[in-house]
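Me: I want to go through the labels attached to this model. For each one, tell me what it rests on.
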Amino acid sequence: MRVLSVASEAYPLVKTGGLADVVGALPAALAPHGVETTTLLPGYPSVGAQVKRAKIVHRWPKLLGVEARLLKGEIGGHPLLVLDAPKLFAREGGLYGDAMGRDWPDNWRRFAALARAAADIAIGSRFDILHAHDWQAAMAPAYLRYDRATTKSVVTIHNIAFQGRFEASVFGELGLPASAFALDGVEYFGGVGFLKAGLAAASAITTVSPTYATEILVAEYGMGLEGLIAAREDRLTGIVNGIDPAIWDPETDAALPARYTARTLAKRRANKRAVEAQFALDRSDGPLFTVVSRLTWQKGMDVLVECLDALVAMGGRLALLGSGDAGLEAAFHGAAARHPGRIGVRIGYDEALSHLLQGGADAILIPSRFEPCGLTQLYGLAYGCVPVVARTGGLADTVIDANEAALAAGVATGVQFDGVTAASLTRAIRRTIALHASPGCWQTIQRSGMRADFSWGTSGARYARLYSDLTRDS
Ligand code: ADP
Ligand code: GLC
């Protein structure tokens, strides 16, 4: 089975969020099931710089109007293709916008080109499956459809909030037949919808947790696409993300001053000291909370800001690593200024520090309003950094709340709460502080999380099964 996996990010070459971790992990997750995955990425400067000894394997004189080449290299020992189109991807700034956070005005052309290239490659190289991740790749199944290709396709929704919506005026440049501008095609609320087009065309749709798969059937979570998803529900499955043990394992993690296992939890203390030093925090007996997150409304960060005085008053401390909305960044800086020694804030993106926080803090706060899967709670579970999460999406599916029954049975792995409000989050923080005050109980929770299996084993098998079911269908 040969699969072309198309995305705008893949760890370790280029990452802004969990999408990259998942796309980067899939080739190794699928290989044991007889699936050979080739990853196709845009040729951002950082990608080109890291791909050694790349060979040119194809040229497009005009791909969505620009000259492009296809380079072949490797990612983690698996085949990698890079769409080298300097006019589209060789620019300073972010992946999706400029340094001020404004979307690139030609995003429609950049990601239509990625998708057009993907469809050409899938057809020309006879891949069994084209697997498109999120809106940036979602036009690829639409191109296959209007080319009348027989290649099967999968669209995975990592986050339905990002849909790739553009003005109707771009339609004429997409290279699609006029009939594609239709309700069951690429037309979306009078404009063009890339994710919409992919969902309408795909042979199968997946999302990254079973709970999110049911949530997106209703308007609150479906964000305009709920009708289409409901109409295609027979094609929809939720497959929860795994974590890559080569990157996230506290026993071998090079970013930790002290490595440890579920049997040697006491060693975490050295990591906690390192966090306290880096964030200028006082030592104290109360729990050290952490946040490693995009600072956005989705992640409930505005609600967390409201709870910080209470968190400190109850004896907690916080070390936060994140970046995002300027207003939220300022609010967290303000809280740190009000509570020196109790709240430390690092605005920015720092992969090594994110590992240290998971390996040193006691608990990780994830009050998301919606969360398709979420990876930081999985890293927290693996590292004995107890997740405190809103009961939504993948957070609901992967954390077992420390209620009385779960505690009595010794299976609790974290704390869940309903409704992302300051009152409910403050209650969850209070519960966490009470659990932490009982060391035996706390260690049982930590160990249950560390022993839970969030490797890619089961989910890798589910993707492989989905692919083989599709290739059997005709
Ligand atoms: P999302 O993709 O919605 O942002 P996930 O929980 O799926 O959420 O994935 C987030 C990924 O990005 C995780 O690997 C997390 O550790 C990482 N991350 C988020 N913010 C930062 C940051 N400021 N520095 C380093 N890593 C970060
Ligand atoms: C998205 C989602 C996140 C998920 C990640 C990887 O960024 O917001 O919940 O874990 O994709 O699938």
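Reply: Start with the domains: their bounds come from an automatic or database domain assignment. The model is predicted, so local features need pLDDT of at least 70 and side-chain atom pairs count only at pLDDT 80 or more, while totals for chains, interfaces and linings use all residues. Residues are numbered from 1 along each chain as its sequence is written, chains are lettered from A and ligands numbered from 1 in the order written, and side-chain values use heavy atoms, without hydrogens and water.

Me: How do you know that the shell around ligand 2 draws on domain 1 and domain 2?
Reply: Each of domain 1 (2-242 + 457-473) and domain 2 (265-453) gives at least three residues to that shell. A residue is near a molecule or strand if one of its heavy atoms lies within 4 Å of it. There are 14 residues around ligand 2, and His158, Asn241, Glu371, Cys373 and Gly374 come nearest.

Me: Why is Lys299 called buried?
Reply: Buried means under 20% relative accessible area, exposed over 50%, and partly exposed in between (1.4 Å probe, protein chains only). Lys299 has 13%, so it is buried. Its place is in the loop between strand S13 (288-295) and helix H11 (301-313). Helices (H or I, at least four residues) and strands (E, at least two) are DSSP runs, numbered from the N terminus.

Me: Which side chain joins that of Lys299 in a polar contact of 2.9 Å?
Reply: The side chain of Glu371. Beyond its neighbours within four places in sequence, Lys299 is in contact (heavy atoms within 4.5 Å) with residues including Ser293, Pro367 and Glu371.

Me: What makes helix H14 mostly covered?
Reply: Seven of the eight residues in H14 (376-383) are buried. Among them are Gln377, Tyr379 and Tyr383. Gly384 follows H14, with a positive phi near 70°.

Definitions and conventions
Polar contact = N/O pair within 3.5 Å; in protein donor to acceptor, adjacent residues only side chain to side chain.
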